[in-house]
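User: I would like to go through the fold of this model with you. Could you put it on screen?

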Amino acid sequence: MLNGSFREAGSTYLRLKDVDAATFHVFYYWLNSGVVDYTNGDPSTAASQIWQNAIDAYIFADFHQAQVFKNAFLDSLYLYYEKNNLMCVSITGTLYANTVAHDAMRNFIVCIAAGTLSFKSVQMHGGAELCEKAFLFDVILASQERILVPAVDAGLWLADMRKNFCEHYHTHKKTGIS
Ligand SMILES: [Zn+2]
């Protein structure tokens, strides 16, 4: 990806050598509008592409420690999932290869998978082979810790997730003023 940090020698320029144009567009559009749009203005964008854009943009933001974007991005993906109930598990390989353990996006995806997907449906759609093994393992661990039976009511599960979303998935820098 990019060379060096977001802020280099006090100036704010980005080196765009290896950044995909679609990924950068998501980021740039958000900077200017405050809106996260993974479709880049095309409503016919396939769910698999939306997930791909979302994960690529997240990795880009994570690499540059652009925390505000990461938070906005997680909120936006939550709303997308709540509305469409569609998750593209093939992105888990890219996500796990480019983030560290306890990453907020990993936690988020593991949580929605453990709470709302059934392994039966994943297998039916041939998704299990597309999943990163470490992701499947995390989902199993998360499932053991929770009381709800998977996918009994995905809507309720998601609504419950919303309550502590900031606490569980956001990172807010301490300002030093309390
Ligand atoms: Zn927050």
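User: How many helices and strands does the protein chain have?

Analyst: The protein chain has nine helices and zero strands. Helices (H or I, at least four residues) and strands (E, at least two) are DSSP runs, numbered from the N terminus. This is a predicted model, in which local features need pLDDT of at least 70 and side-chain atom pairs count only at pLDDT 80 or more, while totals for chains, interfaces and linings use all residues. Residues are numbered from 1 along each chain as its sequence is written.

User: At what angle do the axes of α1 and α2 cross?

Analyst: Helix α1 (residues 21–33) and helix α2 (residues 47–63) have axes that cross at roughly 70° and come within 9 Å. Axes are lines fitted to C-alpha atoms, for helices over the stretch in contact, with angles from 0 to 180 degrees between N-to-C directions. Angles of 65 to 115 degrees count as roughly perpendicular, under 35 as roughly parallel, over 145 as roughly antiparallel and the rest as oblique.

User: Which residues make the contact?

Analyst: A22, T23, V26 and F27 of α1 meet N53, D56, A57, F60 and A61 of α2. Two residues are in contact if their C-beta atoms, placed from the backbone, lie within 7 Å. Six of the residues in the contact of α1 with α2 are nonpolar, two are polar and one is charged. Ala, Val, Leu, Ile, Met, Phe, Trp, Tyr, Cys and Pro count as nonpolar, Asp, Glu, Lys and Arg as charged, and the others, Gly among them, as polar.

User: And α3 with α5: how do their axes cross?

Analyst: The axes of α3 (residues 67–84) and α5 (residues 104–116) come within 11 Å and cross at roughly 15°, which means that α3 is roughly parallel to α5. The contact is made by K70, L74 and Y81 of α3 and A104, M105, F108 and I112 of α5.

User: Changing topic, which residues have the most contacts inside the largest nonpolar core?

Analyst: They are A54, A57, Y58 and F73, in a core of 31 residues. A nonpolar core is a set of buried Ala, Val, Leu, Ile, Met, Phe, Trp, Tyr and Cys residues joined through C-beta atoms within 7 Å; a residue is buried if 20 or more other C-beta atoms lie within 10 Å of its own, exposed if 12 or fewer, and partly exposed in between.

User: Which helix gives the most to this core?

Analyst: Helix α2 does, with nine residues.
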